[in-house]
Amino acid sequence: MRSVQTPKNLSKKRATKLALAMALLLVLVRPTRPVVPLGPQQEVVTINPKMGVHIRLTDEVEEWKVKQTLSMVRQMGAPWIVEYFPWAYYEGKKGHFNWSHPDVVVDHARAQGLTVIARLGFVPEWARPEDTITSYLDPEHYGDFGDFVHAFVTHFKGRVQHIILWNEPNLSLEWGYRSVDPEGYTELLKVAYTRAKEANPQVQVLAGALAPTLAPEGDPEGLNDLAYLQRMYDAGAKDYFDILAIHAYGWTFPPDDPPAADKVNFARAELLRQVMVANGDGDKTCLITEGGWNDHPRWTKAVRPYQRIEYSIRAYEKALEWDWCQAVCLWAFRYPRPAKGYADYFTFVTVDFLPKPIYLEVQSYARGERE
Amino acid sequence: MRKLVGSRRALLAILALAVIALAAWFVLARLGRMEDETWGRIQREGLMRVGMDASWPPFEYIDESTGQIAGLDVDLARAIGQRLGVEVEFVNVGFESLYDALYVGRFDAIVSALPYDPLLYGDVAYSISYFNAGQVLVVRADETEIGESANQRISETNDLSGKKLGVEWGSEGDVIGRRLEKKIEDLSLENYMTPQDVLSALKEGKVEAAIVDAVSAYQFAATEGSVQVVGNPLTDELYVIAVQLDSHLLLKAINEALVKIREDGMLKSLQEKWFRVMSN
């Protein structure tokens, strides 16, 4: 029996067809993510395999920029990179992980032949009390951080072999604006180290790089890094890290300026090393995961551009002389957006990928072209 | 039908109310914008507080003989104050803290050889520029007098073919020099450690031109002589005065004063005075 086409059901049919057509149109014209292929496997060509940089791709949205950054690192001749992987970005809800962005960064880095050192920290809201900052973690949530570390190491097994647990815990700012607590940090280290090794016994765990500072005991802002490290050993940290991460900023001093307990300079790394040796930990190595010089024209801790070039290259050379140092990763290769101040004068490449003279000079050094 | 008319009326009434509310908001917002608490206080107290980092001669520095802050910016701020009919008080703050100190109201304006920063456009309000400290091309002062044919003289970067160009290694001048080296035939680049080294090499004839920042160039020209800036700046680094975003009346007054100071020749006199003073 044929149905009768009334105006009402006719418009219904039209509406259905129209809706289907619209849906099809939406599917066809919806914006798609541009495909950025990893490309062929690359290799870093360098005369100094201990060269590295700290990158800042955590907040870089566009994949082609991730690839471009890492490609330029490779072309500069630095095989090592340090990157920050914020816990809160990937575990917004307990036990629910989203690794899409870090996968992009890590896979492109590996395709460029780079070794990734992953710094882990940045506490999600659900793991800390209200009105606390992202470096605040109390002992009852150490297990949550341990779970995240376990998940991270598991997910990146075979791709990321080095992790840094926390950052500069000897600063109040990096310890939730509380008094610094070497014993508390050591407890955190024990939990996270154990969980990392459960996930992958081969992963190399770095103890959180301490901020180079002369702050005395009781200073509200922090604690002298040498004193802090000793207290970590006293609290039993020795068995809970494989490598010590070091921050080595030169400020206005050249890299060969001799170390002294009352001075912050690049060679202060040697004093941290001495603390390790004094505690029977001399078999372990170190990794300088931040450091370098700044050439802002007016910042009080800056040097001239030529000094920054010479000091940075000399710092890479010193890594070759220090058999206990696996690599020197200078701060910072490129920012995803301007820092609006002196911090922009730490970079090797501008936001829009223009290589600064320091990039070209370091590249020339890595190629063995310098006299 | 009556119900439909009733609902239309209600809709019209709502629309009319919305228009009235929008107009009221617009008028109030404009009135709000007219206020400038900082400007009001400056006028009441007859005092404008100026922030600067006194470590950048000849714009601002501590005069060792008097222990007071001196420099081009100090004179400029006083000249602005004079035109505004107020006294000026100086607050010395480290360069990296200038903006923060302005935000929290430690002073009313930054006059401190402060480069215009488009990235901070939404955070502060900037005046018109009073000095361009960008990179400049510098040649020997006798470059136009050495009797060679006019086409061998250097008056712009296109004249650098076959020449030696000095730059400060690693600086913005170096960036420009490397770019020119790729595009200009037979241009050779010579690196020096500081702008002063570059300009000394130019003076001594080791290079035929130099690219350095304008402050170094003018200072060297005043202290050592024998060199001159030619052509337009190759880059812009515009020194400006910054005030808080809501200090729009203060900004207007500062801009008007700057225009007058420029028009009556005072700005030029200050530049001549301070680049010469530093040479003594």
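Which residue of β6(B) stands opposite G51(B)? In this predicted model, the residue facing G51(B) is I110(B) in β6(B). The report below begins with the strands around that pair, continues through the other sheets and the domains of chain B, and ends with the helices of chain A.

## Parallel strands in chain B

Strand β1 of chain B covers residues 47–52 and pairs with strand β5, residues 87–92 of that chain, in the parallel sense. Six bridges connect β1(B) and β5(B). Within this pairing, M52(B) stands opposite N92(B). Strand β1(B) is also joined to strand β6 (residues 109–115) of chain B, by two bridges, and these strands likewise run parallel. It is here that G51(B) and I110(B) stand opposite each other.

## An antiparallel sheet of three strands

Chain B also contains an open sheet of three strands, in the order β2-β3-β4, whose pairing is antiparallel. Strands β2 (55–56) and β4 (68–70) of chain B are at the edges; each has a single partner strand, so one side of each has no neighbour in the sheet. Strand β3 of chain B, residues 60–63, pairs with β4(B) through three bridges in the antiparallel sense. Opposite I62(B) stands I69(B) of β4(B).

## A mixed sheet of five strands

A further open sheet of chain B has five strands in the order β11-β10-β12-β9-β13, and its pairing is mixed. Its edges are formed by β11 (188–192) and β13 (227–230) of chain B, and because each has a single partner strand, one side of each is left without a neighbour in the sheet. From one strand to the next, the twist averages 35°.

Strand β10 of chain B, residues 164–168, pairs with β11(B) in the parallel sense over five bridges. K164(B) is placed opposite S188(B) of β11(B). A helix accompanies this sheet: α7 of chain B, residues 214–223, lies across β9 (135–140), β12 (209–213) and β13 of chain B. Helix α7(B) runs at about 115° to β12(B).

How are the residues of chain B divided by the domain assignment? Domain 1 comprises 37–130 + 239–277, while domain 2 comprises 135–230. The C-alpha centres of these two domains of chain B lie 32 Å apart.

The contact between the chains takes 15 residues from chain A and 15 residues from chain B. On the side of chain B that touches chain A, seven residues are nonpolar, four are polar and four are charged.

Two packed helices are described by the angle between their axes and the distance between the axes.

| Helix pair | Crossing angle | Axis distance |
|---|---|---|
| α2(A) (63–76) and α4(A) (100–111) | roughly 35° | within 9 Å |
| α5(A) (142–155) and α6(A) (182–199) | about 30° | 8 Å |
| α9(A) (305–321) and α10(A) (357–366) | roughly 30° | within 10 Å |

The crossing of α2(A) and α4(A) is right-handed. On the α2(A) side, the contact is made by E63(A), V66(A), K67(A) and L70(A), and on the α4(A) side by V104(A), V105(A), H108(A) and A109(A). By class, this contact of α2(A) with α4(A) has five nonpolar, one polar and two charged residues.

Helices α5(A) and α6(A) are roughly parallel to each other, and their crossing is right-handed. Among the residues that meet are F145(A), V149(A) and V153(A) in α5(A) and L188(A), V191(A) and A192(A) in α6(A). The contact of α5(A) with α6(A) has nine nonpolar, four polar and four charged residues.

From α9(A), P305(A), R308(A), I309(A), S312(A) and I313(A) make the contact, together with P357(A), I358(A), E361(A), V362(A) and Y365(A) of α10(A). By class, the contact of α9(A) with α10(A) has seven nonpolar residues, one polar residue and two charged residues.

Methods. Residues numbered from 1 in each chain as written. Chains lettered and ligands numbered in written order. Predicted model: local features only at pLDDT ≥ 70, side-chain atom pairs only at ≥ 80, totals over all residues. Pairing = 2+ DSSP bridges. Helix = DSSP H or I, 4+ residues; strand = E, 2+ residues; numbered from the N terminus. Contact = placed C-beta atoms within 7 Å. Nonpolar A, V, L, I, M, F, W, Y, C, P; charged D, E, K, R; others polar. Domains from an automatic or database assignment. Axes fitted to C-alpha atoms, helices over the stretch in contact; angles between N-to-C directions. Left-handed = near helix turned anticlockwise from the far one by under 90°. Parallel < 35°, antiparallel > 145°, perpendicular 65-115°, else oblique.
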